[in-house]
Amino acid sequence: MKDNRRSCFKTARRIVVKVGSNLLTKDNGLNVDFVHAISRQICIMIDRGLQVVLVSSGSMAAGLRKLGLAKRPEEIPKRQAVSAVGQASLIMEYEKAFEACGKKVAQVLLTSDGLYQRKRYLNARNTVHTLLSWHIVPIINENDTVSIEEIKFGDNDTLSAMIALLVNADILINLTDIDGLYNKDPRTNIDAELIPVVSTIKKDIERYASDIPGALGTGGMMTKIRAARKVNTAGIPMIIAQGTKPDILIRLLEGEPHGTYFAPKSHKMTNRKCWIGFTTKPRGVIRIDDGAAKAITQNGKSLLPAGIVDVIGEFGAGSPVEFTNGGGEVLGTGLVNYSAEDIRKIMGLKTSEIKRKLGEKPYDEIIHRDNLTVVWECD
Ligand SMILES: Nc1ncnc2c1ncn2[C@@H]1O[C@H](COP(=O)(O)OP(=O)(O)O)[C@@H](O)[C@H]1O
Ligand SMILES: N[C@@H](CCC(=O)OP(=O)(O)O)C(=O)O
């Protein structure tokens, strides 16, 4: 088991901390004590020379309290209105808490379409880097007030993974109301055991997790594992730990083995490859045969027409597209050189036959290896 978290923390410079709704909620309102406790710990981290980006849920919890509502409204506009009210209270509380240790904060609200396009992605990255260089703590949440289905991250575990990739973090710490990943859902299995280290996220690990969240969370353990898989593939470690443990961030920083540590792949991916693999919104699916799957996932090859067996959806050249194996498992994402219509005409053919079929051959590859990110290796 590769538990090298001690050395990770020793060399870390930039850390993303995510705190979930269950931690930020008390008596159906905002847990002000927790906001202050976590802010104080982040201040200590900054004073020790680290850059910290905070991804904080809790706008809904704070909004409910402010409006005197007992539970989340059913209707989407009302929920969005509650979040709008709550986000203001949440950030005000953080501002007070960080002010107490002499730090400034900035509110960054994102929707996923703000990161899909490369230009907007780079713009978001520059803003966060500027805040960090000014020693200001960026506090990031999904912009729930304007988020409709198509532009939603959906949960802040996913958002925190994208932020860790965006800022090229050294570690992602996901603080929640449980002390890590168990081998079964601990709510329904009293014999569930904590897993201290996950070296590689395989199918069995996903099976441990339930996608049913706690009372106020979104996505449960499942979205946390998917977030870990994204960042680990890109070379970033992730820890899931219980946020209510006193001074948990500082103890982690000092190398104490709390929670579950998800070990990263040994190589760091380039920022562009991370963006292709984990942030773009795929416009379609290309199904490939076993030979192509192996060539791409194990030998770092490009995707050629010969290995393609099916194309699903309509997309233009340059679009992000997922590629799957015969069983439909997503192996990765890449930017295609040809439209769906053209790929259908040339799939299964040799590269030398492209010109005869299409009348031109601008590229040999359907997806060049430089424009392709493998997220799941074939066995
Ligand atoms: N295998 C598992 N190990 C640990 N927790 C699990 C597992 N499966 C489901 N859970 C549940 O996931 C919950 C955390 O997810 P969630 O409610 O979304 O938290 P947050 O609001 O912090 O994002 C825990 O309270 C726990 O009950
Ligand atoms: N953006 C929402 C949080 C959504 C979410 O993912 O919550 P959680 O699973 O608790 O991290 C809010 O601020 O209430």
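Select Val-321: Gly-334 of strand S14 stands opposite this residue. Strands here are DSSP E runs of at least two residues and helices are H or I runs of at least four, numbered from the N terminus. The model is predicted, with pLDDT of at least 70 needed for local features and 80 or more for side-chain atom pairs to count, while totals for chains, interfaces and linings use all residues. Residues are numbered from 1 along each chain as its sequence is written, and chains are lettered from A and ligands numbered from 1 in the order in which they are written.

Next, select residues 320-324 and 330-335. These are strands S13 and S14, which run antiparallel and are joined by 5 bridges.

Move to ligand 1. It is surrounded by 22 residues, near meaning a C-beta atom, placed from the backbone, within 6 Å. Gly-20, Thr-176, Pro-213, Gly-214 and Gly-217 are the closest. Helices H2 (21-24) and H10 (220-233) each give two or more residues to this shell.

Finish at ligand 2, with 15 residues around it; Gly-20, Ser-21, Ser-57, Ser-59 and Met-60 come nearest. Helix H4 (59-67) and strand S6 (136-142) each contribute two or more residues to the shell.

Technical notes: Two strands pair if DSSP finds at least two bridges between them.
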